[in-house]
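Please look over the sequence and the structure shown here before reading on. The briefing that follows takes up a few local regions, topic by topic.

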Amino acid sequence: MAKTTKKETVNKKNESKTENLKSWIPNKQQRFVLGCLLVLFSIALLVAFISFYVNGQWQTDQSAVSQLGDRAEVVENWLGKFGAFLSDLIVYKGFGIASFLLVRLFFLTGLFLALEMSTKRLKSIWFWDLFAIIIVSVLFGFFATSAPELGGTIGYELNLFLQDYIGKTGTLLALLFGLIIYLIFKIKLSPEKIQSYFDSTKKEFKSELGSLKPQAESAYNLEEFAIEEDPELDNIHIKSDVTQFEINKEALKPTINHSSEIDLNPVVKPVQMDIKPTTVAPQVHTEEFVIEKAEEEDIIEENLASRLVADFGLFDPTLDLSNYKFPTIDLLKEYSTGGITINQEELEENKNKIVDTLRNYKIEIAQIKATVGPSVTLYEIVPEAGIRISKIKSLEDDIALSLSALGIRIIAPIPGKGTIGIEVPNKNPTMVSMKSVIGSAKFQEAEMELPIALGKTISNETFVVDLAKMPHLLMAGATGQGKSVGLNAVLTSLLYKKHPAEVKFVLVDPKKVELTLFNKIERHYLAKLPDTEDAIITDNAKVVNTLNSLCVEMDNRYSLLKDAMVRNIKEYNDKFKARKLNPEAGHRFLPYIILVVDEFADLIMTAGKEVEIPIARLAQLARAIGIHLIIATQRPSVNVITGLIKANFPARIAFRVTSKIDSRTILDTQGADQLIGRGDLLYTNGNDVVRVQCAFIDTPEVEKITDFIGSQKAYATAYLLPEFVGEETGINLDMDISDRDTLFREAAEIIVNAQQGSASLLQRKLKLGYNRAGRLIDQLEAAGIVGPFEGSKARSVNISDLSALDQFFNNEQN
């Protein structure tokens with residue numbers, strides 16, 4: 001055999017190395033695993049870097065980095081000691097905040113490997129990102145010399161190195177040159193693009209100026225527009241023979257910048273009409289002439305309205321109090337820090353008790369989670385398959401016993417979710433302040449006609465509803481559970497959002513102490529009857545007249561809506577603001593009127609049907625013309641909240657009540673008996689029941705708000721309701737004594753003995769018909785023996801006994 005030469009041996013070794021190198025190239029599975037590893041590593045870097053800045057690792061973990069081998073050493077980095085080491089090495093000793101670009105590099109590299117994408121673009125990404133890392137690091141080293149953690153050690157040292165040779169000015173110019181290189185070669189920024197940007201801005205500015213000038217009448221046809229797309233500028237160019245617009249694609253998104261909106265409708269001059277008297281030909285029918293004439297009158301009226309708007313602008317109802325200032329949020333008191341304290345031990349303890357109690361009854365739980373609210377925590381459970389919901393519902397008392405809770409409420413199931421809810425009161429509830437609710441973005445940005453901020457839900461979200469959509473609100477609850485505070489929260493919400501010209505309150509306060517503070521804003525926000533001293537009604541006898549006056553106002557408003565040919569108050573006021581309704585014809589701006597009754601049960605006891613009938617009539621008809629009712633009562637029994645009232649009050653608020661029957665009366669379901677009190681309420685509007693912690697507002701806060709409003713310029717008087725004239729009784733108080741009935745004295749004795757002035761009593765005692773008994777009552781009233789008619793109540797008797805009656809007759813004869 002021939003011997004192998006030395007050269008051949010070297011070639012064989014090189015070939016084997018090449019084969020080993022080829023065999024090292026990863027296959028598809030290896031590339032995928034390596035890509036996933038890089039993606040996860042990038043996420044780990046991101047967590048470590050964020051923790052480095054959030055926890056201030058350069059202060060807390062700096063001393064622990066050198067002793068990472070000691071297991072007893074404690075670090076605060078979210079990625080532990082490994083994260084602390086990486087942060088110190090890459091961020092602090094490396095490139096500072098520019099190190100976040102490394103996260104992007106590793107993440108993209110992992111994606112390219114895992115998805116088997118072309119690596120040509122990846123090389124470009126690595127080059128330019130490393131270039132950007134150096135530039136950004138040196139920039140932070142240049143500007144943030146007092147914070148070395150922002151630029152890193154490398155950026156700081158490079159900055160000092162450059163300044164030693166070219167000075168601060170030269171270093172800054174070098175950095176700017178590096179940025180220019182990055183913008184031109186990476187972002188592809190060219191002088192042509194910059195010039196085209198300024199040209200397009202100039203064209204838009206010219207088009208906006210042109211739209212301000214009067215233009216000739218023209219009709220644009222959308223089919224004539226040619227739409228072109230520029231992929232580089234991300235703009236859409238719309239060209240036509242008339243003009244040219246340029247709309248950025250970002251304007252097509254839901255978030256619209258109103259300053260850049262473009263009106264595609266042409267500006268049309270008001271139509272000038274030259275109306276001349278015309279002679280009707282004999283063959284033209286009279287009906288056609290009347291229709292044409294009516295159409296011409298409508299056109300004339302519309303043109304007149306458009307000219308008025310053009311000359312004077314839209315009517316502003318707030319001009320009378322144009323300097324009115326809404327109350328500031330500083331008038332409200334902050335009762336807590338605004339956050340909810342989560343007691344992890346309490347949550348875990350309650351969870352274990354719920355699971356153990358259900359397990360005792362052979363009910364297994366597949367999943368359980370908790371949502372912590374201000375005063376209640378909602379535990380959502382998912383039972384194992386085959387468990388009946390009714391079985392869990394029946395264990396309400398057993399779960400309450402195991403939790404030692406004041407009262408729990410089970411929602412089985414939660415509407416819209418496949419879970420069962422168990423609401424458990426917190427041991428340390430958090431007070432919800434009115435300041436936190438009023439100051440929330442949800443209330444401040446609410447686009448509602450009559451926004452009301454009630455409080456916060458279990459998920460700690462501000463609960464805001466629209467009274468105009470309810471359209472009436474019924475509140476009930478036992479004494480001391482938060483009804484009066486709830487009413488103050490409702491009134492405060494409206495005071496913070498509505499101008500005095502837009503809303504008026506009719507306040508009924510039988511307790512005489514709850515709503516008296518609002519007397520200070522009488523000439524701003526309150527409405528009352530003419531010739532009435534106090535705007536807040538505390539006398540039940542005046543409530544009937546007020547309710548009937550509101551019915552008259554309702555009928556008057558419906559007549560105005562009919563004349564204006566609109567369907568509701570919003571359309572009417574919009575038409576009035578546009579000056580399309582003539583004030584000389586009786587039209588006026590209509591504010592919302594809100595009737596608030598603090599204790600409805602007392603009215604029902606004293607007046608009965610006289611109150612219930614107008615209340616029911618207002619509830620049925622008044623919502624379209626802007627009259628809304630808020631009625632509160634502490635006794636939600638069926639004789640107070642009758643079926644007629646419940647049918648017209650779909651929106652209801654239930655504070656804590658004493659029995660399940662009361663809960664069903666107000667909500668048509670139980671649950672209000674399981675509330676914990678102190679503002680804990682259930683709200684329903686005919687659909688789901690929502691649990692809310694009512695916002696707390698104290699009397700001094702209400703006093704500050706009313707003082708702030710009352711100190712400002714006001715209207716001359718409160719908003720006057722129409723005067724109500726009751727039905728004529730037909731009584732002639734100047735009745736002649738000679739015309740009295742022969743049984744007059746006997747009837748007077750019966751009435752005085754019974755101390756009850758009623759015609760039915762005379763019918764029974766004297767065996768008379770109704771007409772004669774009624775005439776006798778009229779004569780007794782004319783003589784002053786009995787009082788005036790008081791509806792369903794018996795007339796009062798003005799003479800105490802028979803001896804006083806004899807004295808009365810003797811005085812008459814003398």
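Just after helix 25, Gln755 takes a positive phi of about 50°. This is a predicted model, in which local features need pLDDT of at least 70 and side-chain atom pairs count only at pLDDT 80 or more, while totals for chains, interfaces and linings use all residues. Residues are numbered from 1 along each chain as its sequence is written, and side-chain values use heavy atoms, with hydrogens and water left out. Helices (H or I, at least four residues) and strands (E, at least two) are DSSP runs, numbered from the N terminus.

**Helix 25 and its cover**

- Helix 25 spans residues 744-754, and its buried residues (buried means under 20% relative accessible area, with a 1.4 Å probe and protein chains only) are Phe744, Ala747, Ala748, Ile750, Ile751 and Val752.
- The cover over these buried residues includes helix 26 (759-766), helix 27 (770-783) and helix 28 (802-813).

- Four strands form an open sheet in the order 4-5-7-6, with antiparallel pairing, where two strands pair if DSSP finds at least two bridges between them.
- Strand 4 (365-372) and strand 6 (409-411) stand at the edges with a single partner strand each, so one side of each is left without a neighbour in the sheet.
- On average, and with direction ignored, neighbouring strands of this sheet are turned by 20° against each other.
- Strand 6 runs antiparallel to strand 7 (residues 420-425) and is joined to strand 7 by three bridges, and Arg409 stands opposite Glu423 in strand 7.
- Helix 11 (residues 344-360) packs on the sheet and touches strand 4, strand 5 (376-383) and strand 7, while the direction of helix 11 makes about 40° with that of strand 5.

**A buried asparagine in a loop**

- Asn648 lies in the loop between helix 22 (643-646) and strand 15 (651-654), and Asn648 is buried, with a relative accessible area of 15%.
- Apart from its neighbours within four places in sequence, Asn648 is in contact (heavy atoms within 4.5 Å) with His472, Ala616, Ala619 and Gln620.

**Two crossing helices**

- The axes of helix 18 (residues 540-564) and helix 20 (residues 600-607), which are lines fitted to C-alpha atoms over the stretch in contact, with angles from 0 to 180 degrees between N-to-C directions, come within 10 Å and cross at roughly 95°.
- Helix 18 and helix 20 are therefore roughly perpendicular to each other, a term that covers angles of 65 to 115 degrees.
- At this crossing, Asn540, Val543 and Val544 in helix 18 meet Asp602, Leu603, Thr606 and Ala607 in helix 20.

Key: Buried means under 20% relative accessible area, exposed over 50%, partly exposed in between (1.4 Å probe, protein chains only). Angles under 35 degrees count as roughly parallel, over 145 as roughly antiparallel, 65 to 115 as roughly perpendicular and the rest as oblique.
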